[in-house]
Amino acid sequence: MSAEANRGLHYEENLLWEKERCDHPGVDFPEPQNTALRTGTGARGPIGLPQVSEPQAIRHFVKMSTWNYSIDHGLFPLGSCTMKHNPRLNEKLARLPGFAQIHPMQPESTVQGALKLMYELQNWLAELTGLPGVCLAPAAGAHGELAGVMTIKRAHEQLGNKGRTVMLIPDSAHGTNPATAAMCGYSVKTISTKDTGRLTVAAFMEALGDGKDVAGMMVTNPNTCGLFESEMQEIAHILHKAGGYFYCDGANFNALVGKIRPGAFGVDVMHINLHKTFSTPHGGGGPGSGPICTTEELAPYVPVPTVAKDGETYSLEWEDARPDTLGRLKAFQGQFGMHVRALAYMMSHGADGLKQVAEDAVLSANYIMARLSDDFHVPFEGPCMHECLLSDKNQKDAGVTTLDMAKALCENGFHPMTVYFPLVVSGAMLIEPTETESKETIDGFISVMKDFAADVRAGDTDKFHEFPESTPRRRLDEVKAARNPVLRWSGS
Ligand SMILES: *Cc1c(COP(=O)(O)O)cnc(C)c1O
């Protein structure tokens with residue numbers, strides 16, 4: 001690699017496997033003398049693993065770590081992902097030896113504190129959602145969806161409800177919703193939200209039909225357009241009368257936490273992305289955790305284990321204590337480290353602090369929408385919740401698309417927003433600032449976006465097709481990368 005590549009403290013780095021690094025053993029062992037091989041002859045040939053010294057190995061990985069953009073670098077406005085600051089207090093508590101160094105196979109009598117923590121977390125989630133049946137086991141949001149829809153399926157089976165093979169899902173849904181329904185053997189019927197971005201009773205009734213074949217409905221609230229589903233209570237009522245259950249995708253709970261309990265608008269099951277709403281590192285920074293919360297009625301069916309308390313003793317409940325359960329979906333009891341972080345986050349904020357989280361997240365998003373609405377097309381009227389949805393409609397005819405603006409954001413030192421999602425809006429840009437960004441940071445983002453719009457109005461558009469210019473890699477052929485991924489290194 002040329003010295004050129006490392007100009008300006010902007011590092012290029014070869015793969016460890018590349019030839020120049022293959023014959024520098026990190027440790028000098030003397031050649032073995034007079035020792036008979038005990039593994040048979042011919043066992044000691046080169047095996048092609050890279051050989052580098054400890055400092056070389058450390059520099060290799062540290063340099064590559066500087067390529068990662070993270071929430072600790074700057075604004076991460078990815079809509080639907082809730083990339084908020086992860087308080088270091090959570091990390092400190094998760095690293096306490098009494099939490100970090102226990103083993104899931106220890107006798108329960110020796111981990112009473114950990115079980116108590118999980119029990120408390122179950123209670124906080126039950127209180128915040130208004131849904132008392134909590135299972136912490138699922139390992140991510142999508143896994144929570146699977147657990148939740150399997151809970152619905154199990155309930156129908158146990159109650160002897162036959163012929164319910166359909167799951168109703170709005171067209172704005174996250175892709176994991178229809179994928180989950182299909183994995184559970186349901187066919188998906190789409191509810192149209194076209195004109196308003198919201199579910200209406202009329203569109204729901206049309207999808208429901210006589211409802212006899214409907215197992216349930218999966219809805220995100222606030223929805224993926226960043227809008228509150230205001231007809232939800234009535235829709236849930238009609239669904240329940242038809243014998244279906246209401247699954248709520250809780251990924252957007254950051255907009256509601258502490259303000260409203262989803263059980264109050266008719267939810268039967270929902271998952272919580274602890275790593276979104278309750279701030280644990282995610283998106284390459286750490287594992288997720290997707291507990292589910294259900295009504296009293298559905299609680300017997302949720303996966304095992306759940307944590308129970310008897311007097312002052314805590315225990316995990318398995319199939320023998322919970323005969324109606326759908327069974328087990330995860331090794332041991334789930335992502336315990338995430339449980340510690342989430343409870344630390346909840347307890348350090350308190351009920352009033354969590355409410356303020358939702359209020360400030362919604363305020364930040366509406367501030368962006370208000371300041372950018374003269375420059376960018378706003379597909380749906382009215383205030384938004386914790387994320388604001390724009391599109392490239394005003395720029396597209398001049399040849400500047402959502403993708404171009406996302407690349408231009410990289411050039412200007414910002415992580416792009418979520419692009420081309422939700423699919424119901426052409427050229428969607430979904431911006432979620434979260435409550436932890438300062439006004440200065442948000443203003444910086446707004447001003448860069450306003451500059452883009454001004455450039456397009458002035459006809460200064462050619463440069464948009466070249467961005468990013470200063471990043472280690474420029475524009476990639478994304479279609480080729482997706483269609484023909486190169487998964488093996490074959491030398492340079
Ligand atoms: C993030 C998200 C999911 C999936 O959650 P994971 O934890 O990434 O599996 C599902 N639905 C919506 C709306 C989301 O934003």
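**Close-up views of a predicted model**

View 1. A polar side-chain atom of His275 sits 2.6 Å from a ligand oxygen atom. A polar contact here is a pair of N or O atoms within 3.5 Å; within protein, one must be able to donate a hydrogen and the other to accept it, and residues adjacent in sequence count only if both atoms are side-chain atoms. For Asn273, the distance from a polar side-chain atom to an oxygen atom of the ligand is 3.0 Å. In the side chain of Ser80, an N or O atom is 2.7 Å from an oxygen atom of the ligand. On its own, the ligand has 380 Å² of accessible area, and the protein covers 85% of this. Accessible areas come from the Shrake-Rupley method with a 1.4 Å probe; for residues, only the protein chains shown count as cover.

The model is predicted: local features need pLDDT of at least 70, side-chain atom pairs count only at pLDDT 80 or more, and totals for chains, interfaces and linings use all residues. Residues are numbered from 1 along each chain as its sequence is written, and side-chain values use heavy atoms, with hydrogens and water left out.

**View 2. The shell around the ligand.** The residues around the ligand include Ser80, Glu145, His174, Asp249, Asn273, His275 and Lys276. Each has a heavy atom within 4 Å of the ligand. Helix 5 gives the most to this shell, with three residues. Helices (H or I, at least four residues) and strands (E, at least two) are DSSP runs, numbered from the N terminus. By class, the shell has three nonpolar, six polar and three charged residues. Ala, Val, Leu, Ile, Met, Phe, Trp, Tyr, Cys and Pro count as nonpolar; Asp, Glu, Lys and Arg as charged; the others, Gly among them, as polar.

View 3. Domain bounds come from an automatic or database domain assignment. The assignment gives domain 1 (1-27 + 49-68), domain 2 (88-348) and domain 3 (359-483). Domain 1 and domain 3 both give residues to the pocket lining, so the pocket lies between them. Their C-alpha centres are 35 Å apart. Helix 12 (residues 402-411) gives the largest share, three residues. The lining divides into 10 nonpolar, eight polar and five charged residues.

On a 1 Å grid over the protein atoms alone, a pocket is an open set of points with protein on both sides within 12 Å along at least five of seven lines; a cavity is a set where a 1.4 Å probe fits but cannot get out; lining residues have an atom within 4 Å of a point. Grid points are joined across faces, edges and corners, and a volume is the space filled by probe spheres set on the points.

**View 4. The largest cavity.** One cavity of 30 Å³ or more turns up in the whole structure. The largest cavity holds about 40 Å³ of space. Its lining is Cys225, Leu227, Met369, Val378, Phe380, Cys384 and Leu389. Seven of these residues are nonpolar, with no polar and no charged ones.

**View 5. Backbone details in loops.** The peptide bond from Asn221 to Pro222 is cis, with omega near -5°. Pro222 belongs to the loop between strand 4 (214-220) and helix 8 (232-241). The bond from Phe467 to Pro468 is also cis, with omega near -5°. Ser279 is a residue other than glycine with a positive phi, near 60°.
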